[in-house]
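Dear colleague,

I am passing on the structure we spoke about.

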Amino acid sequence: MARALLTVALALHVAGVALAAIGELRHRASLSRAGAFVLLSACFGELVALIARGLAANAFPLRTGPEYLLVLGWFVLTLHLDLWFRLRVRAAALVLPPVSGLMVLASYLFLAGESEALPLRTQGWFVFHTSIATAGVAALAVSFAMSLLFLVKERALKSKRSLRMLEMLPTLEALDRLGFQALLYGFPLLTLGIATGMVYSAEHHNRVWIWGIKEIFPVIAWAVFGGILWARFARGVRGRRSAILAIAGFAFALLTFVGMVR
């Protein structure tokens, strides 16, 4: 049941990505709107699939890497829809829906060979830790998207040839501001996720720190994003250097998945 629902949601997600991208690249508002509403349907479908999987397994659906990717993909898509409908940041459709779609697709493929009969790790600390950490990485995905668009816009301005790209994207100041605001939300959530992960590890492994991939990469990502904040507040560093670091930090955060694959 859950897999059938996820199949439909994934198909809607792919269709929404295509419509939104074509609409933005060709400046067709009707296609952009259609893509946004198809993505909204996909978001709802993925949420229903998550609930169905949790009910079938009688567990919180954040136990494994594939489940983590599915929830993260749903979170990222939800934040994109908020940007699109509430803030009218339409250019985000070129980055966030494809990124979240790849996460959902990877989850779909990995879940195919995974049994739902897994240990029921539904303790309070585990649920809180995984939820808050995933929300933090999703917020940092927005910072990643704005940083990527910042670099594209900057390059277009320097080349003075990509006029359509210049018209499509928000100003460099707006992209920098949105990316920084997302970082201000994501960094505390990531910090809290790492801290609660240590509490969970201490309770169940009698060790505060385990030298594993899924522990190391989030801390590296945390250090990178912390460095961005320090440089911004203490040195006034922003723009290109901040954008490159934000992209690198998000890449490290995603590498956490490597340590979660069973």
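This is a predicted model: local features need pLDDT of at least 70, side-chain atom pairs count only at pLDDT 80 or more; totals for chains, interfaces and linings use all residues.

Core. The largest nonpolar core has 62 residues, and those touching the most other members are Leu96, Met146, Phe225 and Phe250. Two or more residues each come from helices H1 (2-25), H2 (29-57), H3 (65-85), H4 (96-111), H5, H7, H8 (213-235) and H9 (240-254). The biggest contribution is from H5, which gives 11 residues. Beyond its neighbours within four places in sequence, leucine 96 is in contact with Val76, His80, Leu83, Ala141, Val142 and Ala145. As background, nonpolar side chains in soluble globular proteins tend to be buried together.

Serine 32. This residue lies in helix H2. Serine 32 counts as buried because its relative accessible area is 1%, under the 20% cut-off. Its side chain makes a polar contact of 2.8 Å with the side chain of glutamate 24. Apart from neighbours within four places in sequence, the contacts of serine 32 are Leu19, Ala20, Gly23, Glu24, Trp84 and Arg90.

Surface patch. Trp125, Phe128, Leu192 and Val199 form a nonpolar surface patch of about 320 Å². Helices H5 (124-159) and H7 (172-205) each supply at least two of the patch residues. Tryptophan 125 belongs to helix H5. With a relative accessibility of 37%, tryptophan 125 is classed as partly exposed, since that class runs between 20% and 50%.

Regards

Notes: Residues are numbered from 1 along each chain as its sequence is written. Side-chain values use heavy atoms; hydrogens and water are left out. Patches are made of residues with over 30% relative accessible area and no salt bridge: like charges are joined within 9 Å, nonpolar side chains (Val, Leu, Ile, Met, Phe, Trp, Tyr) within 5 Å. Accessible areas come from the Shrake-Rupley method with a 1.4 Å probe; for residues, only the protein chains shown count as cover. A salt bridge is a side-chain nitrogen of Lys or Arg within 4 Å of a carboxyl oxygen of Asp or Glu. Helices (H or I, at least four residues) and strands (E, at least two) are DSSP runs, numbered from the N terminus. Buried means under 20% relative accessible area, exposed over 50%, partly exposed in between (1.4 Å probe, protein chains only). A nonpolar core is a set of buried Ala, Val, Leu, Ile, Met, Phe, Trp, Tyr and Cys residues joined through side-chain atoms within 4.5 Å. Contact means heavy atoms within 4.5 Å. A polar contact is a pair of N or O atoms within 3.5 Å; within protein, one must be able to donate a hydrogen and the other to accept it, and residues adjacent in sequence count only if both atoms are side-chain atoms.
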